[in-house]
Amino acid sequence: MTRSGELPRIPDGWLDGAPADTGRTDSSSAPVQMASTLDYDGATNQLTLTRGDGTVQQFPAGNNTDSRSGGRWPNGTFRYERHTTHGEEDDSPNGKYGSHGNYIFTVPSREDMGVHSGRVDRRDGAGRSGVDHATFGCIRATDEGTAAIGDAMASDDPVTRISVRNNR
Amino acid sequence: MRSLAAVAVGILVFSGMAVAQEFRGPPWFSAERCSREDAIAADKGIGQLKSWAALHRAFRLYRQCDDGGIAEAYSDAVAILLTEHWSEVPALAKFARTNPEFERFVLLHINSLMSPEQGKTIVDNAHNRCPAGIKQLCGRLEAKAKHPL
């Protein structure tokens, strides 16, 4: 289900075959730019990155949230908002966000809901580490997963949305 | 007609209660009051959360954004301050006296994101190294650290 408030934000000129700054109107001869998408399945704890050319990469991920938080990520489709980095100590394999920062998406009634990694060798209060380590709402992936997101973001098919399912 | 209206009002009230009960996050969090600018500023300040004064300032300015990655930073800061900077706990006591909601914020962020080792250290600090005059606060910190889940 895609709700109207959660549609991916597509920049002007994107996907229409004619970037806005070229002034071209003949879309038949223009290159088609595609967006990458992320999917998180809470039942299989898997994050899937589908690149614009159809290439699919899958990574383990978790969404174990603290009992005092706003809870797990809701099911639905949410547009990409921004990326944050936090310095060497926080953005490292054992840091709270992993090596590649936090990729944040707009989730209604929530804030700063992102996909990040971290806590590879550090246990949480329940003894879990890696992707299973607790968060306050964010999906925790592996460094490989967030590196792949970063690669997509730096290319001509950036991630524009994430779809979450089986997560309630 | 009147009974139909009463039923409709009842359904609305009931569904409103259900929605209100669904969100379990911190009571000071409000997605409506946390603007995009607030969230970005809160994110940018994460690296500065190395003292109770800095955390108290973040709480005063950005408590409405206490969710997701920002909240994870607050939990990490609380755990580090109570384990690696225990000697500074009188500063926490001072802020908690003037702002009781800040104490509730700190207690909420003693949670499952901290490691078992951090939990044990907080219990040990609060039980064996509590400065004079703040025994009650130490008792509450110890109780929360014993049951972080």
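**Figure 1. Pairing of strand 4 with strand 8 in chain A of the predicted model.** A:Gly76 has A:Val164, in strand 8 of chain A, as its bridge partner. Strand 4 (residues 76-84) and strand 8 (residues 159-165) of chain A run antiparallel and are joined by 4 bridges.

**Figure 2. Pairing of strand 4 with strand 5 in chain A.** Strand 4 of chain A also pairs with strand 5 (residues 102-105) of chain A, in the antiparallel sense and over 4 bridges. Within strand 5 of chain A, the residue opposite A:His83 is A:Tyr103.

**Figure 3. The hairpin of strand 2 and strand 3 in chain A.** Strand 2 (residues 46-50) and strand 3 (residues 56-62) of chain A are antiparallel, with 5 bridges between them. A:Leu49 lies opposite A:Gln57, a residue of strand 3 of chain A. The hairpin has 5 residues between the strands, and A:Gly54 takes a positive phi near 95° there.

Figure 4. A:Ala61 stands opposite A:Ala141 of strand 7.

**Figure 5. The largest nonpolar core.** This core has 61 residues. Those with the most contacts inside it are A:Leu47, A:Val115 and A:Ile139 of chain A, together with B:Val78 of chain B. Helix 4 of chain B supplies the largest share of the core, 9 residues. In soluble globular proteins, nonpolar side chains tend to be buried together.

**Figure 6. The contact between chain A and chain B.** Chain B contributes 30 residues to the contact and chain A contributes 32 residues. On the side of chain B that touches chain A, the elements giving two or more residues are helix 2 (36-44), helix 4 and helix 7 of chain B. Helix 4 of chain B gives the most, with 8 residues. Sorted by class, this side of chain B has 16 nonpolar, 9 polar and 5 charged residues.

**Figure 7. The fold of chain B.** Chain B contains 8 helices and 0 strands, in the order α-α-α-α-α-α-α-α along the sequence. Of its 149 residues, 37% are buried. Among contacts in chain B with a separation of 6 or more, 73% are between residues 24 or more positions apart.

**Figure 8. Helix 8 of chain B and what covers it.** Helix 8 (residues 135-146) of chain B has 12 residues, which at 1.5 Å a residue should span 16 Å; the end C-alpha atoms are 16 Å apart, in agreement with that value. Buried in this helix are B:Leu137, B:Leu141, B:Lys144 and B:Ala145. Seen down the axis of helix 8 of chain B, the buried residues fall within an arc of 100°, so they line one face of the helix. An α-helix has 3.6 residues a turn, so residues three or four places apart point the same way. On the other side of helix 8 of chain B, B:Lys135 and B:Gln136 are exposed. The cover over the buried residues of helix 8 includes helix 4 (68-84), helix 5 (89-98), helix 6 (100-108) and helix 7 (116-128) of chain B.

Definitions and conventions. Residues numbered from 1 in each chain as written. Chains lettered and ligands numbered in written order. Predicted model: local features only at pLDDT ≥ 70, side-chain atom pairs only at ≥ 80, totals over all residues. Expected span 1.5 Å × (residues − 1). Buried ≥ 20, exposed ≤ 12 C-beta atoms within 10 Å, placed from the backbone. Arc of directions from axis to C-beta. Contact = placed C-beta atoms within 7 Å. Nonpolar A, V, L, I, M, F, W, Y, C, P; charged D, E, K, R; others polar. Core = buried A, V, L, I, M, F, W, Y, C linked by C-beta atoms within 7 Å. Pairing = 2+ DSSP bridges.
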